[in-house]
Amino acid sequence: MGLRCLSSFRWLGVVLFLSVGWVVFPSSSAQAYPSSTSRSPQTARSYPLSKMPLLRLVLRLLQRFYIDPTQFKAQNMHRSGLQALERKLAEVQVTWAPQNKAYTVRLGPHTQTWRTRRFIGLFDVWLRLRPVAEFVGKHYKGDVPISEIEYAMVIGVMSTLDKQTRVISREILMRRRALRPQRKKGKIGAVLSWDKKTKKILIRSVVQDGPADLAGLKPNDRILAVDGAKVQDGGLREWIGKIIGLRGSRIALTIAREGWAKPKRVVLIRALMAPPLVVSHLLPGKVGYIRLRQFSQGASLLIREHLARLRQKAKGNLLGLALDLRNNPGGRITEAVKICSLFVERGEVVTYAGANTKRKTYNVTGSNVEAQYPLVVLINDLSASASELLSGALQGNNRALVIGQQSYGKGTVQSVSGMPRLGLLYRVTVAQYMVPPDRSIQMVGIAPDIALTPISVKSRNVSYFSKPLRDQEARKKRWPKFLQQYSDPDAHFLMNISYLTHDAPGDRFRRKKRPRSLKTWWIDATHPLADDFEVWVARYMLANAQSSNRDVFFKRVKRPLERLKQLQQRRLVRALKKRKIDWQASSASKNVPANITAKVKLLNAKLPVLTGKTIKMQVTVRSDGKVGVYRLRAIVHTQLPMLRYKEMLFGTLRPGQSVTQTLEFKLPHYLREGVVPITIRYQADKALKIPSTPFLLSWRSPNRPTYRIQYQILDPAPDGNGDGQLQAGEKAYVRMTIKQQGGAQATRPILRLFVERTRVSKARQRLKSLQPGKSQTAWFEMRVPDNAKAGRRYSTITLVDPTFGTLIKHKLGFQVVGPLPPPRAPQWVTCSKPVLLYNGPSSQGSPIATLGAGATLQVKRTHLRMHQVQLPLPQAYKTRQGRELRTLSAWLPQAMCNKTQKAPEKRPSLSWLDQFVPPKVTWGFNPTEVVRTPTPKPKLTVVSKYGIRDLFVMQKKNKPFYKVFQYKNPKGTTRTQLRLPLKLKVGWNRLRLVVRTSQGAFTYPFQLSYQPKETASR
């Protein structure tokens, strides 16, 4: 079992999984158990769920390899596994007795109770979950494969550990691989920018040996036209969409260059331009710059090659180097060791150690070391894994100064391998990284020596003091508590410089002319890095440096950096002065009390506000003390993501002076009616703690759009036989009609069709905006495999409304049938009563229409006591390919009609049925009011035309309420009133009501805000 390090800090790094999957899972290997990807009921039932082989194997791996076995909490793992079972199966609810002495598992109408015993070891989790799995396997009759049920429980058990320890099925890997774009777009190999003055496209730089370079294009060339279309308005993004195209296709650009008498037309061939792994530039003052995108195989050799080029450009006298590792996700640790060996003669690079892993240390090679020139490393919050190890090693060996922002903090080692019998891959965290001198980077990352904090006060929403709060919150969500032991919320920097990300009024920061002094030489405005302030700081430091030793280096550049810090403070003061904010510093020597009163009100709305509209919140503060307040600012604390950590700057307040600031925000449409408390907290320079301001924000949403869906299967010749059935080797069309029944306008909903083991062309389609009462048609083309077996196909249609957050998932009754009897001689039948028409030769299929009494139809064939009849369509249907379809087949019971010799005299009366009608839910409470009790019982009414199978409520991981109505065969109109026994936490509680009918599951999200009376009185 080899030890491999995951190359990326993100879960999207499953690319590594794909690379090892073909070795772990050879196609000819036999499986002792069926794969988790199988959906066949017979195969699924043969899975030994009662033995739970996957969970047993996973627990054995954790006990053997996990980084910290003391973190195994068997009781928490057991409970998390049961919660995962609740989320996976809608029919399951777990109820815990008082003091958790017992728990009851309910599966539809079946229940069973187990006593909670003491957990002694890790394998007690497996022993206690086995009887639950056996109970579920005995009574569950749904569509979810049994193997996926155990897989979900295993994911729940492992969720109590760090997020890097995971098990993933091969089906998910292949699905993610299938979602990748098969055709990568071709590019011209140039970095473009938009010239606001001339409204033309400017070429900033060209990629070596790319199409633009081969065509002779150079930096500062202007693009006047693209394929004959003049470049005028629209912006850079719109024109890049026209420049990028099919790989290998031609594109004609009209180029203007300084010195040309007139523009020229240049034809390029688009090519697949992968971003270069290493980019280098020689900056003014003979300072080198190298950017490394990822630590891939051969990265160290490319770094050495670019260093040789930089020395050649500097005529053998390279005075310093800036190594840019920003946005670098990491990669091979061996490449990080080799790159570190280029600059460090002796010392450690990285050490990893774990509870069950032997300690191992990587040292530098000590050969072919570069000259001892000053070195600066740039990092940011997206620098992770190997980039953190390299910057930490150069910092720890006193070789380089690190500047930028605190890095990501991915400091764990994972072992990656597979389980061929179960068709799964796993990775387990086995150790931690340590950089010299034995510092853990887990969660805390690498703290830069010179912290560069970007500030934006140009936009309506200020970004100044809130970034550390957001960063710390993200780190806590990313890692479990036991991996947060090295967390340092107040990272210690040698110096912290805040800089504006835009020009201040009267700013002379970007100069086109070069000053005479070499040490203050600015990067030319036409250079690709001219707008990168952090690169300029690195060059500025290297121009003032005289030693490669980190400590001596910092002492030499400390005074120039302090001047730069003061310059940035003056730029900030000028920028805020333009917004009429006095941002002068306090002259007090110690903290003084500040007497501040604040008022909050809404300018353009009343409570409750309407979602989807811009809301202006005005905050007025007044200084009632005898001493002024300097640099007063406020940060909003709330559970609403769009409002959390919003900032307001008030500046200096003299005694008796008041200042007003306005905060603009928009609540998205997907938020249901609710109310949430908001706290505005204040801070000021040299001031004691200032009381915060509470505010309750309530909102309502407009009437949401409701949908009805009809679908029909059409299989015309020559690729089908026209019988309206899915058969092996046949190409068929699925016609979906979506009707907007009422409410607000639906903004381009998304429709997805999934049919098991069947290729669907353009399975994801974005519809047009739908007004109430309007409908739209979507066509899906699918090809049934030649070896398809007869039987029901698991198929679903999913409708997503991104504006209102609507998610509808409806099961379709698609069936693959065997050969049908040949068509018979023309024959007609008459129905004396209204009758249902079905989409298959079985009354258990999906009804598609209602046939009126007295209708006469032509019979094509008879099978299983069902007549297949020919239905005339109300109009010709045109597929996406432009083909016209005029007829449709349907099936009706033989006993519901009589034979006749008369041909139909008039068009039969058909009433097409909606295969999808959501139930109506009416809330008996006001969600815009605060709840004062932790155990409310809100009332609601549910009306469904197609019965109610069951109904439940989800609150995060728990299912606090579940009720069965018509579990086996829901039908008919059902109306019910009930009260939901909930248990709320203080603050904002987001819940989901799920109603399941014979048509599928329907989700209704809602929110309740609970505030105790004591808190309200305060």
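Predicted model: local features only at pLDDT ≥ 70, side-chain atom pairs only at ≥ 80, totals over all residues.

Q: OK, how many aromatic pairs does a search of the whole structure find?
A: The search finds 18. Rings of Phe, Tyr and Trp (its six-membered ring) pair if their centres lie within 6.5 Å; planes under 30 degrees apart count as stacked, over 60 as edge-to-face and the rest as tilted.

Q: Where do Phe650 and Tyr682 fall, then?
A: Their ring centres are 6.5 Å apart and the planes are at 45 degrees, so this pair is tilted. Phe650 is in strand 27 (residues 647-653) and Tyr682 in strand 29 (residues 674-685), so the pair links distant parts of the chain, 32 residues apart. Strands (E, at least two residues) and helices (H or I, at least four) are DSSP runs, numbered from the N terminus.

Q: Are those two buried or exposed?
A: Both Phe650 and Tyr682 are buried.

Q: And what about the geometry of Tyr733 and Trp779?
A: That aromatic pair is edge-to-face, with 6.1 Å centre to centre and 80 degrees between the planes. Tyr733 lies in strand 32 (residues 731-742) and Trp779 in strand 36 (residues 775-783), so the pair ties together parts 46 residues apart in sequence.

Q: Which residues form an aromatic cluster?
A: Trp96, Tyr103, Trp114 and Phe135 form one.

Q: Which ring does the charged end of Arg56 sit over?
A: The ring of Trp126, 4.7 Å from its centre. Arg128 lies over the face of Phe119, at 4.6 Å from the ring centre. The criterion for a charge over a ring is NZ of Lys or CZ of Arg within 6 Å of the ring centre and within 35 degrees of the ring normal.

Q: Changing topic: which way do the residues of strand 17 point?
A: In strand 17 (residues 401-404), Leu401 and Ile403 point one way, Val402 and Gly404 the other way, and all are buried.

Q: How many bridges join strand 16 to strand 17?
A: Four, and strand 16 (residues 375-379) runs parallel to strand 17. Two strands pair if DSSP finds at least two bridges between them. Leu378 has Ile403 in strand 17 as its bridge partner.

Q: What's on helix 13, and which residues are buried there?
A: Asp471, Gln472, Arg475 and Arg478 are the buried ones. They cover an arc of only 125 degrees around the axis, which puts them on the same side of helix 13. That arc is taken from the directions from the helix axis to the C-beta atoms.

Q: And Lys476, where does that lie?
A: Lys476 lies in helix 13 and is partly exposed, with a relative accessible area of 49%. Lys476 and Met443 are 33 residues apart in sequence and 8.0 Å apart in space, C-alpha to C-alpha.

Key. Residues numbered from 1 in each chain as written. Heavy atoms only, no water. Buried < 20%, exposed > 50% of the residue type's maximum accessible area, 1.4 Å probe, protein only.
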